[in-house]
Amino acid sequence: MNNTYPKTEKLKSKTTIDLLFSEGKSVSKYPLRLVYVPVDLENDEQIKMGVSVSKKYFKKAVDRNYFKRVLRETYRLNKHLLLENSEKKYGFMFFYQTKDRLSYQEINEKTIHLFQKFVASIKE
């Protein structure tokens, strides 16, 4: 399995981001939240993923950037759960929503549970 997070998978389109916040559905596994919406993607991409950490909880950019790096890494290692189980193409936004400073291992476990919860929600 190719465990990369290339530039083509990064969510940068303002229209897709607006669509996520207006029409997107979400699944949560404290303290993570995944907002998703089916989208039409060009080329052969199946996923567009964005990451966000709130300034409300982490005032210093250093702290926000650390958690964004951790979220991107956990996504990179576990994205096969999303790719193998979805036929449609999706845009995702991945949020860290607490001021608690969880360890990398805890965040990774929560990410796996969150992705499994997403897969269960789209199978219904």
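**Strands, a helix and a threonine**

Me: Which residue of strand 4 is the bridge partner of K48?
Reply: This is a predicted model, in which local features need pLDDT of at least 70 and side-chain atom pairs count only at pLDDT 80 or more, while totals for chains, interfaces and linings use all residues. Residues are numbered from 1 along each chain as its sequence is written, and side-chain values use heavy atoms, with hydrogens and water left out. Strands are DSSP runs of E with at least two residues, helices are runs of H or I with at least four residues, and both are numbered from the N terminus. In strand 4, K48 has as its bridge partner G91.

Me: In which sense do strand 3 and strand 4 pair, parallel or antiparallel?
Reply: Strands of a sheet pair through backbone hydrogen bonds, either parallel or antiparallel. Two strands count as paired if DSSP finds at least two bridges between them. Strand 3 and strand 4 have 7 bridges, and the sense of their pairing is parallel.

Me: Which strands stand at the edges of the sheet?
Reply: The sheet is open, with 4 strands in the order 1-2-4-3 and mixed pairing. Each edge strand has a single partner strand, so one side of it is left without a neighbour in the sheet, and these edge strands are strand 1 (25-29) and strand 3 (47-53).

Me: How many of the 7 residues of strand 3 are buried?
Reply: Buried means under 20% relative accessible area, exposed means over 50%, and partly exposed lies in between, with a 1.4 Å probe and protein chains only. Strand 3 is largely enclosed by the rest of the structure, because the number of its residues that are buried is 6 of the 7.

Me: What arc around the axis do the buried residues of helix 4 cover?
Reply: In helix 4, the buried residues are I107, N108, T111, L114, F115, F118 and V119. They lie on the same side of helix 4, because the arc they cover, taken from the directions from the helix axis to the C-beta atoms, is only 140 degrees.

Me: With which side chain does the side chain of T98 make a polar contact?
Reply: T98 lies in the loop between strand 4 and helix 4 (104-123), and T98 is buried, with a relative accessible area of 6%. A polar contact is a pair of N or O atoms within 3.5 Å; within protein, one must be able to donate a hydrogen and the other to accept it, and residues adjacent in sequence count only if both atoms are side-chain atoms. At 3.0 Å, the side chain of T98 makes such a contact with the side chain of Y30.
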